[in-house]
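Let's walk through a protein model together, one topic at a time. Keep the structure open beside you as you read.

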Amino acid sequence: MSDDTCCARLPEGETCGRAPFDASLPFPLCTNHLFAIQRWDFREAAERFREQHPQPVVVRPDRSIVYYVRVGDRVKIGTTVKTVRQRFQGQLPPDAQVLATEPGSYEVERRRHRQFRHLQDANEWFHGGPELWEHIAQLREEHGTPDDLVE
Ligand SMILES: [Zn+2]
């Protein structure tokens with residue numbers, strides 16, 4: 001059997017074997033089988049796959065942290081299971097500063113977002129304010145400064 005014939009398996013168990021549509025295909029498929037794939041409902045199949053393979057819970061509360069990162073005059077309060085640096089992967093401006101972290105996941109994050117709602121700018125972004133600075137100072141006392149915690 002040659003490599004450059006259609007590799008689709010027929011219902012009888014044999015390989016199709018027709019000439020491939022084009023040499024640029026990642027693997028050889030004839031015109032009929034190429035169009036059979038194009039007509040196939042990927043979205044429906046993906047949904048069925050997700051139903052059959054439910055995702056495990058991604059955030060493990062014992063491992064995740066809520067972080068406070070200052071960029072300019074705003075503070076982002078978010079959650080990550082990685083270190084803060086890994087979370088942002090160089091996307092933060094150089095003057096960004098990790099102010100504090102605390103153990104917790106999205107529930108803690110939501111609680112902080114409610115707590116500082118009066119300072120909220122947009123989504124996870126907050127303006128500075130005495131209550132927020134005091135909270136951050138408390139976290140640093142309790143959980144260390146981010147230089148100790150974040151690589
Ligand atoms: Zn074929």
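**A guided look at the fold**

Among contacts in the protein chain between residues at least 6 apart in sequence, 52% join residues at least 24 apart. Please keep in mind that this is a predicted model. The protein chain contains 6 helices and 5 strands, and reading along the sequence gives the pattern α-α-β-β-α-β-α-β-β-α-α. Of its 151 residues, 15% count as buried.

**How confident is the prediction?**

- The average pLDDT of the protein chain is 86, and 89% of the residues score at least 70.
- Among the elements, β5 has the highest mean pLDDT, 96, while helix α6 (residues 146-149) has the lowest, 57.
- Where pLDDT is low, the predicted coordinates should not be read in detail.

**The sheet**

- Strand β2 (residues 74-80) and strand β5 (residues 125-127) run antiparallel and are joined by 3 bridges.
- Across this pair, Val-75 stands opposite Phe-126 in β5.

**Helices against the sheet**

**A closer look at α5**

- Does helix α5 lie largely in the open or is it largely buried? Of its 14 residues, the number buried is 1, so α5 lies largely in the open.
- You can check the length of α5 (residues 130-143) yourself: at 1.5 Å a residue, its 14 residues should span 20 Å, and the end C-alpha atoms are 20 Å apart, which agrees.
- After α5 comes Gly-144, which has a positive phi, near 90°.

**The nonpolar core**

- The largest nonpolar core has 13 residues. Those with the most contacts inside this core are Tyr-67, Tyr-68, Val-69, Val-75, Ile-77, Val-98 and Leu-99.
- Which elements give two or more residues to this core? They are β1, β2 and β3.
- Strand β1 provides the largest share of the core, with 5 residues.

- You will find Phe-21 in the segment before α1 (31-39).
- Phe-21 counts as partly exposed because it has 16 C-beta neighbours inside 10 Å, whereas a buried residue needs 20 or more and an exposed one has 12 or fewer.
- Which residues is Phe-21 in contact with, leaving aside its neighbours within four places in sequence? The contacts are Leu-29, Cys-30, Thr-31 and Leu-34.
- Phe-21 and Phe-35 are 14 residues apart along the chain, and their C-alpha atoms are separated by 10.0 Å.

Definitions and conventions:
Residues are numbered from 1 along each chain as its sequence is written. This is a predicted model: local features need pLDDT of at least 70, side-chain atom pairs count only at pLDDT 80 or more; totals for chains, interfaces and linings use all residues. Helices (H or I, at least four residues) and strands (E, at least two) are DSSP runs, numbered from the N terminus. The expected span of a helix is 1.5 Å times one less than its number of residues. Two residues are in contact if their C-beta atoms, placed from the backbone, lie within 7 Å. Two strands pair if DSSP finds at least two bridges between them. A nonpolar core is a set of buried Ala, Val, Leu, Ile, Met, Phe, Trp, Tyr and Cys residues joined through C-beta atoms within 7 Å. pLDDT is the predictor's confidence in each residue, from 0 to 100.
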